[in-house]
Amino acid sequence: MFGECHAHLFMNGYNYREAVELHKNGVQEDDLREKLRQYRDHGISFVRDGGDALGVSQYARALAPEYGIMYRTPLFAIHKNGHYGRIVGYGFDTWKEYHTLVKKAAEQDADFIKVMFSGIMDFSREGTVTEESLTAEEIREMIHIAHEEGFAVMAHVNGAEAVRHAVEAGVDSVEHGNFMDEDCLQALAESRAVWVPTYVTIINMIGNGRFDDASLCRLAVRQGEKIRRGFALGIKIAAGSDAGAFCVPHATGVIDEYHMFQRLTGASGEASAFPDAEGTPGLVFDPAGRMDTTALMTKAELDARLEDAEAEIRQRFCRT
Ligand SMILES: [Zn+2]
């Protein structure tokens, strides 16, 4: 059974503003208990949070053991002011301020540091990221300072250049990693970083109506090919869905992600690792049959790969 390597317990999977409203005047314990129950009921016993600015994941961490869940959180994510990331954490302008935030995370017993290096996939401008990424120097310094304080670094990062810079600077996990090129994938394969593609953040929006389906399908093919290539290159890939994000429900999000990995590696057609979710989803996102979905590995091999990557995360994303 796999864990969820990228979730945001404070979000609800459909409306960010509503999630903020719910918790902004104090964490709503009932809401968290319901989400933790869902994870437990789906047999998920490991959750790594991606952070929030309302203290929700800190609260959830205290409750999680009651549900038999090992829950790890950075508490909040850190972004450079003026760049993407405010929705999940706090910003900084100077290195002194960044260091203060890392120390604040340490004081509050964060398990690791979550940083934001780039924007998000821009669904209204296909193939682009919403903004310029941080520079190589900024990326290197942010990772360096966090490592110096004994933390592993989980990085939200998209775009070939930014991902390569993060990997070269020794980042511990690459989150999303959209729009990588072959060089970048090779660098990732040679590094110790774990990649958490959160593929269902694209897939699950198909048919929702918010964005153009044809465009989403092209993005799904494009990113799906990279993930398949990543598996072929031996990159450590872990299952994490960004649960709580739009169209990605808690608990079932990572099950969807796992099923997509089965499809992308051609390891489908066998029983699901999740007892209550048989088979792979029938979603048609590649009507032209452009993608190669011949068997790259067996399901047992896929499971072993995912288990290894998750073990790496469980072991490393815990402050030493
Ligand atoms: Zn996230």
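This report describes the strands, helices and some single residues of a predicted protein model.

**Confidence**

The protein chain has an average pLDDT of 93, and 95% of its residues score at least 70. Residues 271-280 are a stretch where pLDDT stays under 50. For residues 271-280 the model has 19 contacts beyond four places in sequence.

Strand S1 covers residues 4-7 and strand S2 covers residues 46-49. S1 and S2 run parallel and are joined by 2 bridges. Glu4 has Val47 of S2 as its bridge partner. S2 also pairs with S3, again in the parallel sense, over 3 bridges. Here Val47 has Tyr71 of S3 as its bridge partner.

| Helix | Residues | Number of residues | Span, first to last C-alpha | Expected span |
|---|---|---|---|---|
| H2 | 29-41 | 13 residues | 18 Å | 18 Å |
| H11 | 299-316 | 18 residues | 26 Å | 26 Å |

In H2 the buried residues are Leu32, Lys35, Leu36 and Tyr39. Seen down the axis of H2, these buried residues fall within an arc of 100°, so they line one face of the helix. An α-helix has 3.6 residues a turn, so residues three or four places apart point the same way. Asp30, Glu34 and Asp41 are exposed on the other side of H2. The buried residues of H2 are covered by elements including S1, S2 and helix H3 (56-63). After H2 comes Gly43, which has a positive phi near 75°.

In H11 the buried residues are Leu302, Arg305, Leu306, Ala309, Glu310 and Ile313. Viewed down the axis of H11, they fall within an arc of 125°, so they line one face of the helix. The face turned away from this buried side carries Ala300, Ala304 and Gln315, which are exposed.

**The sheet of 7 strands**

The model has an open sheet of 7 strands with parallel pairing, in the order S5-S4-S6-S9-S10-S11-S12. Its edge strands are S5 (89-92) and S12 (236-237), each of which pairs on one side only.

Lys80 has Phe92 of S5 as its bridge partner. Helix H4 (residues 95-107) packs on the sheet and touches S4, S5 and S6 (113-116). The direction of H4 makes about 150° with that of S5. Helix H5 (residues 136-148) also packs on the sheet, touching S4, S6 and S9 (153-157). The direction of H5 makes about 155° with that of S9.

**Single residues**

Leu75 is found in the loop between S3 (70-72) and S4. Its phi is near 70°, a positive value in a residue other than glycine. Leu75 has 24 C-beta neighbours inside 10 Å; the cut-off is 20 or more, so Leu75 counts as buried.

Asp242 is found in the loop between S12 and helix H10 (252-264). Phi of Asp242 is positive as well, near 65°, again in a residue other than glycine. Asp242 counts as buried because 29 other C-beta atoms lie within 10 Å.

Gly224 lies in helix H9, which covers residues 213-233. Gly224 is buried, as 24 other C-beta atoms lie within 10 Å. Leaving aside neighbours within four places in sequence, Gly224 is in contact with Tyr199, Leu264 and Met291. Gly224 and Asp286 are 62 residues apart along the chain, and their C-alpha atoms are separated by 10.0 Å.

Definitions and conventions: Residues are numbered from 1 along each chain as its sequence is written. This is a predicted model: local features need pLDDT of at least 70, side-chain atom pairs count only at pLDDT 80 or more; totals for chains, interfaces and linings use all residues. pLDDT is the predictor's confidence in each residue, from 0 to 100. Two residues are in contact if their C-beta atoms, placed from the backbone, lie within 7 Å. Helices (H or I, at least four residues) and strands (E, at least two) are DSSP runs, numbered from the N terminus. The expected span of a helix is 1.5 Å times one less than its number of residues. A residue is buried if 20 or more other C-beta atoms lie within 10 Å of its own, exposed if 12 or fewer, and partly exposed in between; C-beta atoms are placed from the backbone. The arc is that of the directions from the helix axis to the C-beta atoms. Two strands pair if DSSP finds at least two bridges between them. Axes are lines fitted to C-alpha atoms, for helices over the stretch in contact, and angles run from 0 to 180 degrees between N-to-C directions.
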